[in-house]
Amino acid sequence: MKTRWIASSVLATILTMLTPMALADDAEAAQTIAGILNGLNHFPSEGDKAALMAIVNDASSSEAYKTLARAVHNIQHSATAEDKQALEAVRESGADDTAKALAEIIAGISHVANAEAKARLAAML
């Protein structure tokens with residue numbers, strides 16, 4: 001019984017320590033994506049694409065933020081039809097509110113983010 005309690009305590013401690021790291025990584029990913037979208041002009045720059053692929057390849061990034069980063073990486077004036085489907089899945093998922101907001105903004109981009117989207121993005125920075 002004591003061993004079980006110790007194991008549960010250790011597991012709870014480890015999970016408590018790891019959760020903020022994952023949230024911090026998603027917060028950083030959100031800021032990176034928001035910054036790129038705020039300055040987007042038709043498509044992301046090579047530097048932007050490298051930053052987005054870093055999010056995609058980061059094991060600590062959630063699947064929602066990996067999906068967002070891929071969609072922005074692939075923008076050529078607007079998100080692809082395939083990416084729009086993935087963005088809708090993020091919006092309908094248990095992702096955080098920031099991820100859902102970014103998914104909505106990305107899906108609505110036509111060449112650049114509109115004024116309302118830019119205001120929402122600025123609040124994320």
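Leaving aside residues up to four places away in sequence, Phe43 touches Ile75 and Gln76, where contact means heavy atoms within 4.5 Å. The structure is a predicted model, in which local features need pLDDT of at least 70 and side-chain atom pairs count only at pLDDT 80 or more, while totals for chains, interfaces and linings use all residues. Residues are numbered from 1 along each chain as its sequence is written, and side-chain values use heavy atoms, with hydrogens and water left out.

### Exercise 1. Helix 3 against helix 5

Task: classify the packing of helix 3 and helix 5, and describe the residues in contact.

Solution. First, take the geometry. Helix 3 (residues 63–73) and helix 5 (residues 97–107) pack at an angle of about 20 degrees, and their axes are 10 Å apart. Helix 3 is therefore roughly parallel to helix 5. Axes are lines fitted to C-alpha atoms, for helices over the stretch in contact, and angles run from 0 to 180 degrees between N-to-C directions. Angles under 35 degrees count as roughly parallel, over 145 as roughly antiparallel, 65 to 115 as roughly perpendicular and the rest as oblique.

Second, take the handedness: helix 3 passes helix 5 in a left-handed crossing. A crossing is left-handed if the near helix is turned anticlockwise from the far one by less than a right angle, and right-handed if clockwise.

Third, list the contact. From helix 3 come Ala64, Tyr65, Leu68, Ala71 and Val72, which meet Thr98, Ala99, Leu102, Ala103 and Ile106 of helix 5. By class, this contact of helix 3 with helix 5 holds 9 nonpolar residues, 1 polar residue and no charged residues. Here Ala, Val, Leu, Ile, Met, Phe, Trp, Tyr, Cys and Pro count as nonpolar, Asp, Glu, Lys and Arg as charged, and the others, Gly among them, as polar.

Because 8 of its 11 residues are buried, helix 3 is largely enclosed by the rest of the structure. The buried residues of helix 3 include Lys66, Thr67 and Ala69.

### Exercise 2. Helix 5 against helix 6

Task: repeat the analysis for helix 5 and helix 6.

Solution. The packing angle of helix 5 and helix 6 is about 150 degrees, with axes 11 Å apart. Helix 5 is therefore roughly antiparallel to helix 6. The crossing of these two helices is left-handed. Helix 5 contributes Thr98, Ala101, Leu102, Glu104 and Ile105, and helix 6 contributes Ala117, Arg120, Leu121 and Met124. By class, the contact of helix 5 with helix 6 has 6 nonpolar, 1 polar and 2 charged residues.

### Exercise 3. The salt bridges

Solution. A salt bridge is a side-chain nitrogen of Lys or Arg within 4 Å of a carboxyl oxygen of Asp or Glu.

1. Lys66 pairs with Glu63 at 3.9 Å, N to O. Both residues lie in helix 3, 3 residues apart, about one turn of the helix. Lys66 counts as buried at 11% relative accessibility, whereas Glu63 counts as exposed at 53%.
2. Arg91 pairs with Glu88, with the closest N and O atoms 3.4 Å apart. These residues are 3 residues apart in helix 4 (residues 81–92), so about one helical turn separates Arg91 and Glu88. Arg91 is partly exposed at 35% relative accessibility, and Glu88 is partly exposed at 33%.
3. Glu104 pairs with Arg120, with the closest N and O atoms 3.6 Å apart. This pair links distant parts of the chain, Glu104 in helix 5 and Arg120 in helix 6 (residues 115–124), 16 residues apart. Glu104 is partly exposed at 39% relative accessibility, and Arg120 is partly exposed at 27%.

Definitions and conventions. Helix = DSSP H or I, 4+ residues; strand = E, 2+ residues; numbered from the N terminus. Buried < 20%, exposed > 50% of the residue type's maximum accessible area, 1.4 Å probe, protein only.
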